[in-house]
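Reader: I am new to reading protein models. Could you take me through one part in detail, step by step?

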Amino acid sequence: MGVKAEKIKPGRNFASFVAEDSSEVMDENVKKYLRGEPINLEVLQDKKLKGQLAVREELYGRSAKAAAKAEKWLMPSEAGYLEPEGIEKTWRIKQEAIAREVDILSSRNQYDIVLPDLGPYTLDFTSSGRYMALAGRKGHLAIVDMKNLNLIKELQVRETVRDVVFLHNELFFAAAQKKYSYIYNRDGTELHCLKEHGAALKLQFLKNHFLLASINKYGQLHYQDVTTGEMVGNYRTGLGRSDVMQVNPFNSVISVGHSGGTVSMWKPTSAAPLVKMLCHNGPITALAFHSNGHLMATAGMERKIKLWDLRKYEVLQTLPGHAKTLDFSQKGLLASAIGSSVEVLGDLSGSQNYSRYMGHSMAKGYQIQKVLFRPYEDVLAIGHSMGWSSILIPGSGEPNFDTWVANPFETSKQRREKEVKSLIDKLPPETIMLDPSKIGTVRSTRKKEKPTKEDRESGMEAAIKEAKSVTVKNKTKGRSKPSKKARKKQEAVEKAKRPFFEQQMSGAESSKKRMRASNDDHLPKSLQRFVKKRSTA
């Protein structure tokens, strides 16, 4: 590969070239925020419309330039992917080769923690990706600070633990244990025993609504408000036992995968599912949602992974393969795992056509339980039967974090302020729906305009004309007399006139009632009660 050098003309310095390069980059960023191609205003004849559209196009251009300038300072980092050269394939690149090229801090995110007597492990991250909660099937619970890989707290509950999930921050987490679900604080102290949930198989937390959702071994779906302790919803799915449950980050709707191949979507204020989709011919083994909420990935026992568009409820792509666990990254990469192998699929072209991006094989005998991308980092955490591991997946995490949404470096004071603000902004369960954009809109209740007298007369004339034009079939001798034909035509005309007369009579009666009500309102209060008695009688 050669680098093409450009000759510097006399009278131009290095600063002018830097300005040109920055202007080119700025133009590319402005194109990204523009609303398509500008309108050709020369074609328009209306001067007023032409002026209005010109002003609007100018405003669009200004807003795009402002967004591009803000991106320069607020989003300084860019996501990087593996870029092969020639016939090289990205999925053939091993973790050892990646570790040799990355910096020291990133190489610390590659590790294997071996605890064979306490697995298999499941895990969960906070929204900032700073803390990780671990749960071993044999009763091991732990919280780890991922910034410096320090163990904050670990405890042994001495019974089966099926799932673990953080609540609104790293100070509280919930664990689904053998008989009941429990809430612990950061110090390992048991705060609550949630007996209403029963033997939960899967837990999910709805952070905008402060709801803890669970599904137990009897197929019952529970919603509990963690701020008041109130049980918001308790519903039977009616489709048997299931341990596949995921929350849609876009609308907070809970989706449950069942053994019949169906996926049902639930909200806490409805006893019936909002949507019931037949996704596979066999049992659902895994379920995941894209961060935009419009893309769903499902895996079935028939060794197929399907990508669904939830705006149309159609299959976008069907991929071969079996997966026990699925997870989408912040940048749209899809991780799937079965046995001891992990495969990462990527949509690098942006056309929602996923293909193989990276692969990784664990040691022989490891049975992967769960894969989960770490937010704001190019890291994939793997919980398996022998402990947990972490590998590097370039381009998986969002490179720029918003401190108002998730701050990995927040202090205790910032955490307290954020907790208070999130409690104030807590959404009620009624706001959970398939299309949350409908919240705040006005429902159209405009009544139909009554037809005028001319409209009624013209409609009646058209109906009469149509009734007269109907031909009467000739019947047997003696039954097709002209008088009978005339009588049938007259009956058809009367039948066509009847709805117009009924509409006119109903309008007259309603006007009489309104006049009577207005006359009654003018009477003194002492006499109005007699009027009501007379009208009811």
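Author: Start with a term. Two strands pair if DSSP finds at least two bridges between them. Keep in mind that this model is predicted.

Our part is strand S12, residues 220-225. Look at its cover. S12 is mostly covered, with six of its six residues buried. Both faces share in this. On one side sit Gln220, His222 and Gln224, all buried.

Now turn to the partners of S12. What joins strand S11 to S12? Five bridges do, and the two strands run antiparallel. S11 spans residues 211-216. S11 and S12 form a hairpin, with three residues between them. In that turn, Gly219 has a positive phi of about 80 degrees.

Next comes strand S13, residues 231-236. Five bridges join S12 to S13, and this pair is antiparallel. Here Tyr223 stands opposite Gly233 in S13. S12 and S13 make a hairpin with five residues between the strands. Gly229 in this hairpin takes a positive phi near 80 degrees.

The structure holds zero disulfides. Cys193 is partly exposed, with a relative accessible area of 28%. Cys279 is buried, because its relative accessible area is 1% and buried means under 20%.

Note on methods
Residues are numbered from 1 along each chain as its sequence is written. This is a predicted model: local features need pLDDT of at least 70, side-chain atom pairs count only at pLDDT 80 or more; totals for chains, interfaces and linings use all residues. Side-chain values use heavy atoms; hydrogens and water are left out. A disulfide is a pair of cysteine sulfur atoms within 2.5 Å. Buried means under 20% relative accessible area, exposed over 50%, partly exposed in between (1.4 Å probe, protein chains only). Helices (H or I, at least four residues) and strands (E, at least two) are DSSP runs, numbered from the N terminus.
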